[in-house]
Amino acid sequence: MEASLSPHLARGDQLASLLEEAGWSVVVEPEGPLDCRPDLVASRDAHRYAVELKSVAEGRADRVIALLSQAILQASRYAADMRMRPLAVVLVGRVSPALRQKVVDFQRLYAPDVAVGLVSEAGGSLFIGPGLEGLDREEPRGRGIGKPVQPRKAFNLFSDLNQWMLKVLLAPELPERLLHAPRSEYFSGSDLAHAADVSPMSASRFLRRLQEEGFLDGARGPLRLVRREELFRRWQSAAMRSSPELRMSYLIPAGGTRQLHKLAARLEACVGLFAAADLLELGHVSGAVPHVYVRRLSPPQGGEWLGVVPSAPGEAPQVIIRQANAPESLFRGAVRVGEVLVSDVLQVWLDVSANPSRGAEQAEMLGRGVLADVLGGAP
């Protein structure tokens with residue numbers, strides 16, 4: 001059975017292989033007294049080196065420099081006895097750019113007459129000295145040796161503010177009475193951030209993700225959404241999240257539009273879904289229970305909902321108070337109809353799409369009509 005090499009001899013063999021591959025002749029453990037001989041002798045052409053090798057697992061600069069200093073002293077002593085040049089080498093697990101620079105600086109300041117080398121187990125190497133120039137190797141990148149792989153953080157393309165920025169990008173294609181948003185052409189994240197009143201970082205990340213997924217074309221002019229059928233399909237799916245709601249009845253039994261408007265104004269709420277479509281003069285479904293959106297589903301004052309009470313079990317509600325899943329997008333884009341805040345037409349399309357009360361019919365009516373060009377073929 002072949003005996004295994006000691007760790008030191010194994011590292012000596014690694015260094016010898018590196019030198020031999022570059023055309024050097026190498027003698028491992030040359031003859032001489034054990035305490036007065038170098039680890040290797042390397043020669044090529046007119047160059048002859050007495051090589052002292054040290055090793056350390058961690059690439060910490062303080063440890064590497066300490067070992068390099070010791071190797072420099074020992075190599076210098078052996079080289080003087082053997083009439084050679086000294087070469088001090090440290091073998092480490094991995095070599096960072098900062099460590100390479102520290103070794104370069106140390107050799108230049110304190111041992112300019114001694115050749116030095118830094119070799120990593122990962123495959124990188126640095127040599128300074130006559131005839132050693134061809135031995136330098138860059139440290140392999142991207143392997144993440146010794147580091148856990150970090151998953152990429154998930155980015156929600158349809159977060160609250162991202163939905164709002166989508167509306168801002170689409171606003172020039174819709175009349176102001178159907179969507180409240182600035183209208184302009186945007187050429188950069190800064191332009192969009194300023195118009196949408198969001199941070200430049202938020203706008204930049206949003207646009208970058210749109211571009212990565214192929215939903216943005218800004219190469220030949222202003223930013224323009226493309227592949228809209230897929231974009232709106234995904235937006236529609238993201239908007240289907242359920243949100244908490246209260247099924248309520250009016251204290252004064254006579255319900256109707258006037259009661260709804262009073263309630264919305266009192267709660268600083270926004271009329272949504274089918275009732276919003278009616279107020280935008282785009283209604284298609286009659287008789288649906290009206291919805292009002294609030295930012296938080298909690299009574300505004302006194303711990304009670306003024307003018308309404310929870311519907312009794314089995315009783316059909318007269319109004320549904322729902323907490324907005326994307327309040328910034330919903331309230332910023334809402335339009336005023338008289339004294340009432342009303343969901344914009346894109347929000348109505350998103351919200352009714354999955355509603356079982358003939359929501360698909362209402363969404364189709366909008367998609368074939370006022371939103372036909374905007375949706376780009378989305379259902």
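Strand β4 (residues 85-92) is mostly covered, with 7 of its 8 residues buried. Buried means under 20% relative accessible area, exposed means over 50%, and partly exposed lies in between, with a 1.4 Å probe and protein chains only. The model is a predicted one, in which local features need pLDDT of at least 70 and side-chain atom pairs count only at pLDDT 80 or more, while totals for chains, interfaces and linings use all residues. Residues are numbered from 1 along each chain as its sequence is written, and side-chain values use heavy atoms, with hydrogens and water left out.

The partner of β4 is strand β3 (residues 47-56), and the two pair in the parallel sense over 8 bridges. Two strands count as paired if DSSP finds at least two bridges between them. Strands (E, at least two residues) and helices (H or I, at least four) are DSSP runs, numbered from the N terminus. Within this pairing, K54 stands opposite V90 in β4. S55 also belongs to β3. S55 is partly exposed, at a relative accessible area of 26%. In sequence S55 and V89 are 34 residues apart, yet their C-alpha atoms are 8.3 Å apart in space. Leaving out residues up to four places away in sequence, S55 touches R11, L67 and L91, where contact means heavy atoms within 4.5 Å.

Helix α6 can be followed next. Its 13 residues (200-212) should span 18 Å at 1.5 Å a residue, and the end C-alpha atoms are 18 Å apart, which agrees. The expected span is 1.5 Å times one less than the number of residues. Buried in α6 are A203, F206, L207, R209 and L210. Seen down the helix axis, the buried residues fall within an arc of 160°, so they line one face of α6. That arc is the one of the directions from the helix axis to the C-beta atoms. An α-helix has 3.6 residues a turn, so residues three or four places apart point the same way. On the other side of α6, P200, M201 and Q211 are exposed.

The cover over the buried residues of α6 includes α4 (160-170), α5 (189-196), β7 (216-217), β8 (224-225) and α7 (228-238). In β7 lies D217, which is buried at a relative accessible area of 17%. Not counting residues up to four places away in sequence, D217 touches P222, L223, R224 and V226.

Loops on either side of α6 are worth a look for their backbone angles. Just after α6, G214 takes a positive phi of about 80°. In the loop between α5 and α6 lies D197, whose phi is positive at about 60° although it is not a glycine. D197 counts as exposed, at 59% relative accessibility. Elsewhere, E268 in the loop between α8 (257-267) and β10 (270-272) has a positive phi of about 55°, although it is not a glycine. E268 is exposed, with a relative accessible area of 67%.

Along its principal axes the C-alpha trace spans about 110 × 50 × 45 Å. Buried residues make up 44% of the 379 residues.
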